[in-house]
Amino acid sequence: MSKVDAMVNPSPDYVKRLVDAALSSEAVLTIFARCKVHYDGRAKSELGPGDRVIIIKPDGAFLIHQNRKREPVNWQPPGSFVTLEERGDILVLRSVRRKPKEVLEVELEDVYLVSVFKAEDYEELALTGSEAEMAEMIFNNPGLIEPGFRPLFREKDIGHGIVDILGRDESGNLVVLELKRRKADLHAVSQLKRYVEALKKEYGRVRGILVAPSLTSGAKKLLEKEGLEFKKVEPPKRESSGRGRQTTLL
(Lines give C-alpha, C1' and ligand atoms only; values in the text may rest on other atoms or scores of the structure.)
Protein backbone atom coordinates (compact mmCIF):
# COMPACT_ATOMS: atom_id res chain seq x y z
CA MET A 1 0.00 0.00 0.00
CA SER A 2 1.33 3.44 -0.94
CA LYS A 3 1.61 6.27 1.59
CA VAL A 4 -1.57 7.91 0.28
CA ASP A 5 -4.40 6.45 -1.76
CA ALA A 6 -7.40 8.58 -2.74
CA MET A 7 -10.27 8.73 -5.20
CA VAL A 8 -12.73 11.47 -6.15
CA ASN A 9 -16.34 10.32 -6.72
CA PRO A 10 -15.44 6.69 -5.98
CA SER A 11 -17.72 3.76 -6.72
CA PRO A 12 -19.16 1.87 -3.73
CA ASP A 13 -16.73 -0.98 -4.42
CA TYR A 14 -13.79 1.42 -4.34
CA VAL A 15 -15.03 2.93 -1.08
CA LYS A 16 -15.24 -0.55 0.44
CA ARG A 17 -11.73 -1.38 -0.76
CA LEU A 18 -10.18 1.75 0.70
CA VAL A 19 -12.08 1.50 3.98
CA ASP A 20 -10.98 -2.12 4.38
CA ALA A 21 -7.40 -1.12 3.54
CA ALA A 22 -7.43 1.68 6.12
CA LEU A 23 -8.92 -0.42 8.90
CA SER A 24 -6.58 -3.35 8.28
CA SER A 25 -3.38 -1.30 7.92
CA GLU A 26 -3.87 1.19 10.78
CA ALA A 27 -4.10 4.16 8.43
CA VAL A 28 -6.01 7.43 8.75
CA LEU A 29 -9.26 7.28 6.76
CA THR A 30 -10.91 10.49 5.53
CA ILE A 31 -14.24 10.61 3.72
CA PHE A 32 -16.03 13.64 2.25
CA ALA A 33 -19.65 12.59 1.91
CA ARG A 34 -23.31 13.43 2.10
CA CYS A 35 -24.54 11.35 5.00
CA LYS A 36 -26.99 10.74 7.81
CA VAL A 37 -25.81 10.13 11.37
CA HIS A 38 -27.48 8.07 14.10
CA TYR A 39 -26.22 7.84 17.68
CA ASP A 40 -27.48 5.56 20.46
CA GLY A 41 -25.77 5.52 23.85
CA ARG A 42 -26.08 7.72 26.92
CA ALA A 43 -28.71 9.55 24.86
CA LYS A 44 -30.07 9.30 21.31
CA SER A 45 -29.55 11.69 18.43
CA GLU A 46 -30.28 11.92 14.72
CA LEU A 47 -28.55 14.15 12.17
CA GLY A 48 -30.28 14.47 8.81
CA PRO A 49 -28.60 14.46 5.40
CA GLY A 50 -25.74 16.91 4.90
CA ASP A 51 -22.20 17.26 3.54
CA ARG A 52 -19.65 16.30 6.18
CA VAL A 53 -16.04 15.27 6.73
CA ILE A 54 -15.54 11.89 8.41
CA ILE A 55 -12.17 11.06 9.98
CA ILE A 56 -11.33 7.63 11.40
CA LYS A 57 -7.97 7.17 13.10
CA PRO A 58 -5.99 3.96 13.73
CA ASP A 59 -6.75 4.12 17.47
CA GLY A 60 -10.50 3.94 16.78
CA ALA A 61 -11.24 7.66 17.20
CA PHE A 62 -14.17 8.54 14.92
CA LEU A 63 -14.92 12.20 14.14
CA ILE A 64 -17.68 13.80 12.06
CA HIS A 65 -17.24 17.47 11.17
CA GLN A 66 -19.71 19.91 9.65
CA ASN A 67 -18.62 23.01 7.70
CA ARG A 68 -18.68 25.15 10.85
CA LYS A 69 -17.31 25.17 14.39
CA ARG A 70 -14.14 23.57 15.69
CA GLU A 71 -15.57 20.58 17.51
CA PRO A 72 -16.99 17.50 15.74
CA VAL A 73 -20.78 17.27 15.67
CA ASN A 74 -20.55 13.57 16.55
CA TRP A 75 -17.60 11.50 17.71
CA GLN A 76 -16.45 8.27 19.30
CA PRO A 77 -13.30 8.00 21.46
CA PRO A 78 -10.16 5.95 20.84
CA GLY A 79 -10.73 2.27 21.47
CA SER A 80 -13.99 2.13 19.54
CA PHE A 81 -14.46 -0.67 16.98
CA VAL A 82 -15.21 0.44 13.42
CA THR A 83 -16.79 -1.63 10.63
CA LEU A 84 -18.34 -0.99 7.20
CA GLU A 85 -21.68 -2.64 6.38
CA GLU A 86 -23.87 -2.83 3.28
CA ARG A 87 -27.59 -2.24 3.82
CA GLY A 88 -29.28 -2.48 0.48
CA ASP A 89 -27.72 0.20 -1.73
CA ILE A 90 -26.29 2.18 1.23
CA LEU A 91 -22.86 1.80 2.83
CA VAL A 92 -22.93 2.28 6.60
CA LEU A 93 -19.93 3.05 8.79
CA ARG A 94 -20.54 1.68 12.28
CA SER A 95 -18.51 2.59 15.38
CA VAL A 96 -19.13 0.75 18.65
CA ARG A 97 -17.82 1.74 22.05
CA ARG A 98 -18.18 -1.11 24.53
CA LYS A 99 -18.07 0.60 27.96
CA PRO A 100 -20.30 2.48 28.20
CA LYS A 101 -22.17 0.99 25.25
CA GLU A 102 -22.46 3.57 22.47
CA VAL A 103 -23.15 3.05 18.78
CA LEU A 104 -22.56 5.64 16.06
CA GLU A 105 -23.77 4.87 12.54
CA VAL A 106 -23.14 6.93 9.41
CA GLU A 107 -25.18 6.24 6.26
CA LEU A 108 -23.07 7.26 3.25
CA GLU A 109 -25.61 8.56 0.73
CA ASP A 110 -23.07 10.08 -1.68
CA VAL A 111 -19.27 9.86 -1.34
CA TYR A 112 -17.35 12.73 -2.95
CA LEU A 113 -13.84 11.71 -1.90
CA VAL A 114 -12.23 8.93 0.11
CA SER A 115 -8.57 8.88 1.13
CA VAL A 116 -6.26 6.63 3.10
CA PHE A 117 -3.10 8.07 4.68
CA LYS A 118 -0.52 5.68 6.08
CA ALA A 119 0.78 8.17 8.63
CA GLU A 120 3.88 7.56 10.74
CA ASP A 121 4.26 9.83 13.76
CA TYR A 122 6.03 8.72 16.93
CA GLU A 123 6.51 12.07 18.61
CA GLU A 124 4.74 13.37 21.72
CA LEU A 125 3.79 17.03 22.04
CA ALA A 126 5.77 18.79 24.78
CA LEU A 127 4.19 21.98 26.08
CA THR A 128 5.36 24.31 28.81
CA GLY A 129 2.84 26.42 30.66
CA SER A 130 -0.05 24.50 29.08
CA GLU A 131 -3.49 23.86 30.54
CA ALA A 132 -2.43 20.24 31.08
CA GLU A 133 0.47 21.46 33.22
CA MET A 134 -1.90 23.78 35.09
CA ALA A 135 -4.05 20.74 35.89
CA GLU A 136 -1.02 18.80 37.05
CA MET A 137 0.08 21.70 39.22
CA ILE A 138 -3.37 21.89 40.85
CA PHE A 139 -3.41 18.14 41.51
CA ASN A 140 -0.03 18.47 43.21
CA ASN A 141 -1.10 21.57 45.17
CA PRO A 142 -4.92 21.71 45.51
CA GLY A 143 -4.65 24.63 47.94
CA LEU A 144 -4.00 26.87 44.94
CA ILE A 145 -7.77 26.79 44.42
CA GLU A 146 -8.87 27.00 48.06
CA PRO A 147 -8.28 25.26 51.40
CA GLY A 148 -9.87 21.82 51.50
CA PHE A 149 -10.26 21.43 47.75
CA ARG A 150 -9.82 17.80 46.57
CA PRO A 151 -9.26 17.22 42.83
CA LEU A 152 -10.69 13.87 41.73
CA PHE A 153 -10.63 13.68 37.93
CA ARG A 154 -8.74 15.25 35.05
CA GLU A 155 -10.34 15.59 31.61
CA LYS A 156 -13.58 14.00 32.80
CA ASP A 157 -16.10 13.26 30.03
CA ILE A 158 -19.55 14.17 31.37
CA GLY A 159 -21.48 13.73 28.13
CA HIS A 160 -21.76 17.48 27.52
CA GLY A 161 -18.02 18.02 27.10
CA ILE A 162 -14.71 17.38 28.84
CA VAL A 163 -14.28 18.92 32.30
CA ASP A 164 -10.66 19.97 32.93
CA ILE A 165 -10.78 19.10 36.64
CA LEU A 166 -13.64 17.70 38.67
CA GLY A 167 -13.32 17.71 42.45
CA ARG A 168 -15.00 18.45 45.76
CA ASP A 169 -14.67 21.32 48.21
CA GLU A 170 -14.25 20.94 51.98
CA SER A 171 -18.05 20.84 52.38
CA GLY A 172 -18.37 17.94 49.95
CA ASN A 173 -19.84 19.99 47.09
CA LEU A 174 -18.93 18.97 43.55
CA VAL A 175 -16.59 21.54 41.93
CA VAL A 176 -15.95 22.03 38.21
CA LEU A 177 -12.71 23.77 37.22
CA GLU A 178 -12.36 25.23 33.72
CA LEU A 179 -8.68 26.01 33.06
CA LYS A 180 -7.33 28.68 30.71
CA ARG A 181 -3.63 29.40 30.30
CA ARG A 182 -4.32 32.91 28.97
CA LYS A 183 -6.91 35.60 29.66
CA ALA A 184 -10.32 33.93 29.85
CA ASP A 185 -13.18 35.25 27.71
CA LEU A 186 -16.96 34.83 27.38
CA HIS A 187 -16.56 31.48 25.64
CA ALA A 188 -14.76 30.06 28.68
CA VAL A 189 -17.60 31.19 30.96
CA SER A 190 -20.18 29.63 28.63
CA GLN A 191 -18.26 26.34 28.70
CA LEU A 192 -18.16 26.36 32.49
CA LYS A 193 -21.85 27.22 32.75
CA ARG A 194 -22.78 24.32 30.44
CA TYR A 195 -20.80 21.80 32.50
CA VAL A 196 -22.19 23.05 35.82
CA GLU A 197 -25.80 22.98 34.60
CA ALA A 198 -25.38 19.45 33.24
CA LEU A 199 -23.98 18.13 36.53
CA LYS A 200 -26.56 19.93 38.66
CA LYS A 201 -29.27 17.71 37.17
CA GLU A 202 -27.63 14.69 38.79
CA TYR A 203 -25.73 16.03 41.78
CA GLY A 204 -27.69 19.11 42.90
CA ARG A 205 -25.24 21.59 44.41
CA VAL A 206 -22.35 22.16 41.97
CA ARG A 207 -19.82 24.99 42.03
CA GLY A 208 -18.07 26.26 38.91
CA ILE A 209 -14.69 27.98 39.08
CA LEU A 210 -12.91 29.54 36.10
CA VAL A 211 -9.15 29.26 36.64
CA ALA A 212 -6.96 31.61 34.59
CA PRO A 213 -4.32 34.34 34.88
CA SER A 214 -6.95 37.03 34.15
CA LEU A 215 -10.44 37.75 32.78
CA THR A 216 -11.95 39.98 30.14
CA SER A 217 -14.46 42.48 31.52
CA GLY A 218 -17.27 40.67 29.70
CA ALA A 219 -16.27 37.35 31.23
CA LYS A 220 -16.20 38.88 34.71
CA LYS A 221 -19.74 40.26 34.32
CA LEU A 222 -21.09 36.97 32.99
CA LEU A 223 -19.47 34.99 35.81
CA GLU A 224 -21.15 37.22 38.38
CA LYS A 225 -24.48 37.01 36.59
CA GLU A 226 -24.40 33.20 36.47
CA GLY A 227 -23.19 32.77 40.06
CA LEU A 228 -19.88 31.27 38.96
CA GLU A 229 -16.45 31.93 40.48
CA PHE A 230 -12.97 32.97 39.38
CA LYS A 231 -9.57 31.98 40.74
CA LYS A 232 -6.44 33.68 39.48
CA VAL A 233 -3.72 31.11 38.77
CA GLU A 234 -0.68 31.56 36.53
CA PRO A 235 0.37 28.56 34.41
CA PRO A 236 3.66 26.96 35.51
CA LYS A 237 6.83 28.34 33.98
CA ARG A 238 8.64 25.03 33.84
CA GLU A 239 7.64 21.49 32.98
CA SER A 240 6.67 19.34 35.95
CA SER A 241 6.64 15.58 36.30
CA GLY A 242 4.14 13.04 37.57
CA ARG A 243 0.41 12.90 37.06
CA GLY A 244 -2.42 13.46 39.50
CA ARG A 245 -4.07 10.33 40.81
CA GLN A 246 -7.70 9.93 39.87
CA THR A 247 -10.18 8.62 42.39
CA THR A 248 -13.85 7.75 42.18
CA LEU A 249 -16.39 10.55 41.87
CA LEU A 250 -18.23 9.44 44.98
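How many helices and strands make up the secondary structure of the protein chain? In this predicted model, the chain comes to 4 helices and 13 strands.

**View 1. The whole chain, from end to end.**
Let's start with the overall picture. The C-alpha trace spans about 60 × 40 × 35 Å along its principal axes. The protein chain has 250 residues, and 43% of them count as buried. Its accessible surface comes to about 14,400 Å², with 49% belonging to carbon and sulfur atoms. If you look at contacts between residues at least 6 apart in sequence, 54% of them join residues at least 24 apart.

**View 2. Charged side chains.**
Here you can look for 42 positive and 39 negative side chains. The centres of these two sets lie 6 Å apart.

**View 3. An open sheet of 5 strands.**
Follow the strands in the order E9-E10-E11-E12-E13; their pairing is mixed.

**View 4. The pairing of E9 with E10.**
Strand E10 covers residues 162-168 and pairs with E9 in the antiparallel sense, over 6 bridges. To find your way along this pair, look for Phe153, which stands opposite Leu166 in E10.

**View 5. Helix H2 across the sheet.**
Helix H2 is formed by residues 131-140. This helix lies across E9, E10, strand E11 (174-179) and strand E12 (206-212). Compared with E9, helix H2 runs at about 155 degrees.

Methods: Residues are numbered from 1 along each chain as its sequence is written. This is a predicted model: local features need pLDDT of at least 70, side-chain atom pairs count only at pLDDT 80 or more; totals for chains, interfaces and linings use all residues. Side-chain values use heavy atoms; hydrogens and water are left out. Two strands pair if DSSP finds at least two bridges between them. Helices (H or I, at least four residues) and strands (E, at least two) are DSSP runs, numbered from the N terminus. Contact means heavy atoms within 4.5 Å. Axes are lines fitted to C-alpha atoms, for helices over the stretch in contact, and angles run from 0 to 180 degrees between N-to-C directions. Buried means under 20% relative accessible area, exposed over 50%, partly exposed in between (1.4 Å probe, protein chains only). Accessible areas come from the Shrake-Rupley method with a 1.4 Å probe; for residues, only the protein chains shown count as cover. Lys and Arg count as positive and Asp and Glu as negative; His and the chain ends are not counted. The place of a charge is taken as NZ of Lys, CZ of Arg, CG of Asp or CD of Glu.
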